[in-house]
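Have the sequence and the 3D view ready as you read.

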Amino acid sequence: MEQQEREVLDWQTFGGAARQLAQAIADDGFRPDLVLSVARGGLLVAGALSYALDVKSIHMMNVLYYTGVDQRLDAPVILEPTPDLSELSGARVLIADDVADTGATLEVVRDFCGGKVAEVRCAVLYEKPHSTVSCQYVWRRTDRWITFPWSSLPPVTDPAAAVTG
């Protein structure tokens, strides 16, 4: 995949994007009781939104779907542990993720919340045109592959990523 086919998000732009996304949520009048992060990509988005919206309650769901660049499983798989929503029947939940690509991951998480909470809305930095889920809050729409600042470098456990000097 050529570099010009990518949408590149750096750390500074991420900070502004998360703030703009939070402002759109606030301007809409939605006041979530909890932010539900879709790990791993949604962890930083959820943290930024929870601070900007002053929401203290954050939960996480780990959903395995992507296994590499444009490589995925046949269907998303929810990994344990899952959040206990049994005492949150009146809660307004904001699902936060980095991207709604196919929409399959968000659909699984939204369905997991269905009937357990009062209201569910989705916020993402990016939404792709072919996503099966239309998120209520989107910072930017693109059809490109996205390079996020948290996944742009190889893991430090990779010998090729060793820092010298």
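Which residues of helix α3 (residues 104-113) are buried? They are Ala104, Thr105, Leu106, Val109, Phe112 and Cys113. Here "buried" means under 20% relative accessible area, "exposed" means over 50%, and "partly exposed" is in between (1.4 Å probe, protein chains only). After α3 comes Gly115, with a positive phi near 80 degrees.

A word on the ground rules: this is a predicted model, where local features need pLDDT of at least 70, side-chain atom pairs count only at pLDDT 80 or more, and totals for chains, interfaces and linings use all residues. Residues are numbered from 1 along each chain as its sequence is written, and side-chain values use heavy atoms, leaving out hydrogens and water.

**The whole chain**

The protein chain has three helices and eight strands, in the order β-α-β-α-β-β-β-α-β-β-β along the sequence. Helices (H or I, at least four residues) and strands (E, at least two) are DSSP runs, numbered from the N terminus. Of the chain's 165 residues, 42% count as buried. Take the contacts (heavy atoms within 4.5 Å) between residues at least 6 apart in sequence: 68% of them join residues at least 24 apart.

**A lysine in a loop**

Now find Lys128, in the loop between β6 (119-127) and β7 (137-141). Is Lys128 buried or exposed? Lys128 counts as buried, because its relative accessible area is 6%. Leaving aside neighbours within four places in sequence, Lys128 is in contact with several residues, including Val99, Asp101, Thr142 and Trp145. Arg144 is also in contact with Lys128, and a polar atom of the Lys128 side chain lies 3.0 Å from the backbone oxygen of Arg144.

**Salt bridges**

How many salt bridges does the structure hold? There are seven, a salt bridge being a side-chain nitrogen of Lys or Arg within 4 Å of a carboxyl oxygen of Asp or Glu. Among them are these:

| Pair | N to O distance |
|---|---|
| Lys56 and Asp54 | 3.0 Å |
| Arg121 and Glu119 | 2.7 Å |
| Arg141 and Glu127 | 3.5 Å |

The pair of Arg141 in strand β7 and Glu127 in strand β6 links distant parts of the chain, 14 residues apart. Arg141 is exposed, because its relative accessible area is 57%, whereas Glu127 has 9% relative accessibility and so counts as buried. Lys56 and Asp54 are both exposed. Glu119 is partly exposed, because its relative accessibility is 28%, and Glu119 belongs to a network of salt bridges with Asp28 and Arg121.

Notes:
A polar contact is a pair of N or O atoms within 3.5 Å; within protein, one must be able to donate a hydrogen and the other to accept it, and residues adjacent in sequence count only if both atoms are side-chain atoms.
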